[in-house]
Amino acid sequence: MKELQEIIKKYDVASQKNIKSALVTVVHLDGSSYRRPGARMLVNDDGRITGAISGGCLEGDALKKALFAISEQKNTLFTYDTSKEDDSEMGIHLGCEGLIQVLFESIDSKKEENPIQLLSKALAVRQKAVLVTLFDLNNNQNVQHGTCLLLEENGTLSGKIPLQQFEDVVLKDITDVMQNGESVFKQYRSGDVSVTAFFEFLHPPVSLVVLGAGNDAIPLMKFADVLGWDFRIVDRRDTHANKERYPTASQILVANPDVALEHLAYDNRTFFVLVTHSYKCDYYMLKSLCAAAVPYIGILGPKKKLHRMLEEIQHNEGIHLNTDKVATIYGPTGLDIGAETPEEIALSIIAEIQAVLTGKMGGMLKTKNEVIHSRDSLDIQIEDIKIYNAS
């Protein structure tokens, strides 16, 4: 999300200066790669790059192809074969062992609902969205239609399908992806015309709400900024919870913990961390959160403190906590990485939130026997993609 935010920001600046741009997107992958489908970078005609589509090995060549797309005002698709030990065409050793399809789109700033504008709409408000990108995976020389359609969570549809014969089935599939919440590939065929569609499900950014505006909350804000997360701070003291100390916070709430949740919007991508260093403050906030459908409640401090709070909430307050609810409460908060300083503790908390967000355990990759990234949905062979025969 941070990358998309930067791309949109830099495009707006370039557009105001009449600098032409191209959007470069990883649209399909067969094998392994540093970046996944949906990774993007913006290339301006002055050679400036924002974002990345690899760990650095593809960007140099991609810059040249993006500049060509800008000069020709034409979308192109290129396949990078990183499985070769020595890629003579690129003159470098990539070593990722995968086929990476990269789409280069020349952006027409005068065209309504161009790819950047569609991305801007998707990120304008906190919402789910599905973006559709069309390309011909079978023949790079054919027309590459590119990023063309956006469905927002509120039902708003922007853009259009350039191939009318596939319009009905694409509209059906984009609705299904919105409901299922997972990115997928589809291939459509009608007579001699075929096209691959990348339905990219875009999550709203993670929202991190921190109760307690002491000094140890500041590195949490900084990590959230780096990741492009929405950061909000809550404290009963306006001497601590203020814009001077937390300049990038989207919300600074000065309130007592027993009523704070009434003034906070939250959803299934909102993560709460309690770092007040006050048993009473943590207790009242945890009590409120017991009725909230949130995926993560992190509490700083020893485990016995959490056990005491949970016991009092259930026995003294009469609030029943089922197994599923208790599973969302993390105390002590953070991964076990030997953290001691506020910055190290913040790192461990952020890492644990990322692990919970992606359903991982947070162990070391060297001990993992499986592939790092699941290949069940995105890393699929083209022959496994369902083909629709349009009438």
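The lining of the second largest pocket in this predicted model comprises eight nonpolar, 13 polar and nine charged residues. The volume of this pocket is about 760 Å³. Its lining numbers 30 residues, and those closest to the pocket centre are Ser106, Ile107, Asp108, Lys111 and Asn114. Three elements each supply at least two lining residues: helix H1 (2-16), strand E5 (98-107) and strand E7 (146-152). Strand E5 makes the greatest contribution to the lining, with three residues.

Glu113 sits in the loop between E5 and H3. Its phi is positive, about 60°, although Glu113 is not a glycine. Most residues other than glycine have a negative phi. Helix H3 (residues 115-124) packs against H1 at an angle of about 125°, and the two axes are 10 Å apart. Angles over 145 degrees would count as roughly antiparallel, and 65 to 115 as roughly perpendicular. H1 and H3 are therefore oblique to each other. Their crossing is left-handed.

Two further helix pairs were examined. Two packed helices are described by the angle between their axes and the distance between the axes. Helix H6 (residues 279-289) packs with helix H7 (residues 303-315) at about 50°, with an axis separation of 10 Å. That angle makes H6 oblique to H7. H6 and H7 cross in the right-handed sense. Helix H5 (residues 218-227) and helix H9 (residues 342-358) pack at an angle of about 45°, and their axes lie 8 Å apart. H5 and H9 are therefore also oblique to each other. The crossing in which H5 passes H9 is right-handed.

An open sheet of six strands was identified, with parallel pairing. Its strand order is E13-E12-E11-E14-E15-E16. The edges are formed by strand E13 (251-254) and strand E16 (329-330), each of which pairs on one side only. Strands of a sheet pair through backbone hydrogen bonds, either parallel or antiparallel. Within this sheet, strand E14 (residues 270-274) pairs with strand E15 (residues 296-299) in the parallel sense. Four bridges connect E14 and E15. Phe272 stands opposite Ile297 of E15.

Gly331 and Pro332 are joined by a cis peptide bond, with omega about 0°. Most peptide bonds are trans. Pro332 belongs to the loop between E16 and H9.

Technical notes. Residues are numbered from 1 along each chain as its sequence is written. This is a predicted model: local features need pLDDT of at least 70, side-chain atom pairs count only at pLDDT 80 or more; totals for chains, interfaces and linings use all residues. Side-chain values use heavy atoms; hydrogens and water are left out. On a 1 Å grid over the protein atoms alone, a cavity is a set of points where a 1.4 Å probe fits but cannot get out, and a pocket is an open set with protein on both sides within 12 Å along at least five of seven lines; lining residues have an atom within 4 Å of a point. Grid points are joined across faces, edges and corners, and a volume is the space filled by probe spheres set on the points. Ala, Val, Leu, Ile, Met, Phe, Trp, Tyr, Cys and Pro count as nonpolar, Asp, Glu, Lys and Arg as charged, and the others, Gly among them, as polar. Two strands pair if DSSP finds at least two bridges between them. Axes are lines fitted to C-alpha atoms, for helices over the stretch in contact, and angles run from 0 to 180 degrees between N-to-C directions. Angles under 35 degrees count as roughly parallel, over 145 as roughly antiparallel, 65 to 115 as roughly perpendicular and the rest as oblique. A crossing is left-handed if the near helix is turned anticlockwise from the far one by less than a right angle, and right-handed if clockwise.
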